[in-house]
Amino acid sequence: MSLNVLVIPEDFRKDQYVLAPLVRRLFAEIGKPRARVEVCTDPVLGGIDQALDWQRLEEVIDMYRMVDVFLLVVDRDGVAGRRDAIDKLEGKAAQKLSTDRILIGENAWQEIEVWALAGQADLPREWNWRAIRAEIHPKETYFEPFARQRGLMDEPGQGRTTMGREAAQNYARVRSRCQEDVEALEARLTTWLETH
């Protein structure tokens with residue numbers, strides 16, 4: 001049986017370059033290498049407020065009736081209550097969806113670009129991984145300078161295409177560096193798949 005997965009980012013225009021390869025690899029790692037993973041591009045969610053708006057998510061769910069797993073992936077941005085907001089949306093989705101479909105949400109600490117950085121073996125020696133994870137604005141502080149240093153700012157996604165692909169290739173490193181979000185997401189998906 002095929003598994004249809006729709007990744008719902010807060011804004012697909014850049015996030016898709018990290019999320020698509022990384023989520024495909026995540027599903028391969030949990031025994032679903034043939035999962036059909038797509039990133040939601042229609043409707044366009046223009047930021048965190050729309051991504052966490054139940055009416056917008058319900059619109060997405062209604063549009064994609066063949067999707068088995070909806071993955072809502074947003075930035076945490078240092079907001080401690082972000083997980084609570086995601087939990088509430090998961091509850092509403094559970095009431096709407098049949099038992100063989102699910103919406104699972106995760107908040108990237110602190111931004112999705114950190115997942116791309118997590119897959120890199122050649123980060124500057126003076127960078128501390130805990131500091132990267134704790135930084136509320138890691139995109140501007142770490143990701144963009146690193147992408148610029150590597151000459152990747154002119155590619156689609158401004159470094160996300162290359163580094164997203166590299167993160168997928170180095171998935172074990174991403175999982176070990178991002179336990180609170182990537183490893184947690186993997187565990188939740190594994191649990192759900194085992195019962196469905």
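Guide: A salt bridge is a side-chain nitrogen of Lys or Arg within 4 Å of a carboxyl oxygen of Asp or Glu. The model above is a predicted one.

Visitor: How does that rule apply to Arg36 and Glu38, and how far apart are their closest N and O atoms?

Guide: Side chains of opposite charge can pair when their charged atoms come close. Here the closest N and O atoms of Arg36 and Glu38 are 3.9 Å apart, and the two residues form a salt bridge. Glu38 is partly exposed, at a relative accessible area of 33%.

Visitor: How many salt bridges does the rule give?

Guide: The count comes to 16. One of them joins Asp77 to Arg82, with 3.7 Å between the closest N and O atoms. Asp77 is partly exposed at 27% relative accessibility, whereas Arg82 is buried at 10%.

Visitor: Which residue does Asp87 meet in a salt bridge?

Guide: Asp87 meets Arg83, at 2.9 Å from N to O. Both lie in helix H4, four residues apart, so about one helical turn separates them. Asp87 counts as partly exposed, with 36% relative accessibility, and Arg83 counts as partly exposed too, with 22%. Salt bridges with shared partners connect Arg83 and Asp87 with Glu90, Glu106 and Arg188 in one network.

Visitor: Glu106 also belongs to a strand. How should I read the directions of side chains in strand E4?

Guide: In a regular strand the side chains alternate between the two faces of the sheet. In E4, Ile102, Ile104, Glu106 and Ala108 point one way, while Leu103, Gly105 and Asn107 point the other way.

Visitor: Is strand E4 mostly covered or mostly open, and how many of its residues are buried?

Guide: Strand E4, residues 102–108, is mostly covered, with seven of its seven residues buried.

Visitor: Which strand is joined to E4, and by how many bridges?

Guide: Strand E3, residues 69–75, is joined to E4 by seven bridges, and the two run parallel. As one example, Phe70 has Leu103 in E4 as its bridge partner. With helix H4 (residues 82–96), the strands E3 and E4 make a right-handed β-α-β unit.

Visitor: Now the rings. How many aromatic pairs are there?

Guide: There are two aromatic pairs in the structure. In the pair of Trp127 and Tyr142, the ring centres are 4.8 Å apart and the planes stand at 80 degrees, so this pair is edge-to-face. Trp127 is in the loop between helices H5 (113–118) and H6 (129–134), and Tyr142 is in helix H7 (residues 138–149), so the pair ties together parts that are 15 residues apart in sequence. Tyr142 counts as buried, at 12% relative accessibility. Ring pairs also bring Phe146 into a cluster with Trp127 and Tyr142.

Visitor: Which charged residues lie over a ring, and where?

Guide: Arg76 lies over the face of Trp109, 4.0 Å from the ring centre. The charged end of Arg177 sits over the ring of Trp129, at 4.9 Å from its centre.

Visitor: How many disulfides does a search of the whole structure find?

Guide: The search finds zero disulfides. Cys40 is buried, with a relative accessible area of 4%. Cys178 is buried as well, with a relative accessible area of 0%.

Technical notes
Residues are numbered from 1 along each chain as its sequence is written. This is a predicted model: local features need pLDDT of at least 70, side-chain atom pairs count only at pLDDT 80 or more; totals for chains, interfaces and linings use all residues. Side-chain values use heavy atoms; hydrogens and water are left out. Buried means under 20% relative accessible area, exposed over 50%, partly exposed in between (1.4 Å probe, protein chains only). Two strands pair if DSSP finds at least two bridges between them. A crossover is right-handed if, with the strands pointing away from the viewer, the path from the first strand over the helix to the second runs clockwise. Rings of Phe, Tyr and Trp (its six-membered ring) pair if their centres lie within 6.5 Å; planes under 30 degrees apart count as stacked, over 60 as edge-to-face and the rest as tilted. A charge sits over a ring if NZ of Lys or CZ of Arg is within 6 Å of the ring centre and within 35 degrees of the ring normal. A disulfide is a pair of cysteine sulfur atoms within 2.5 Å.
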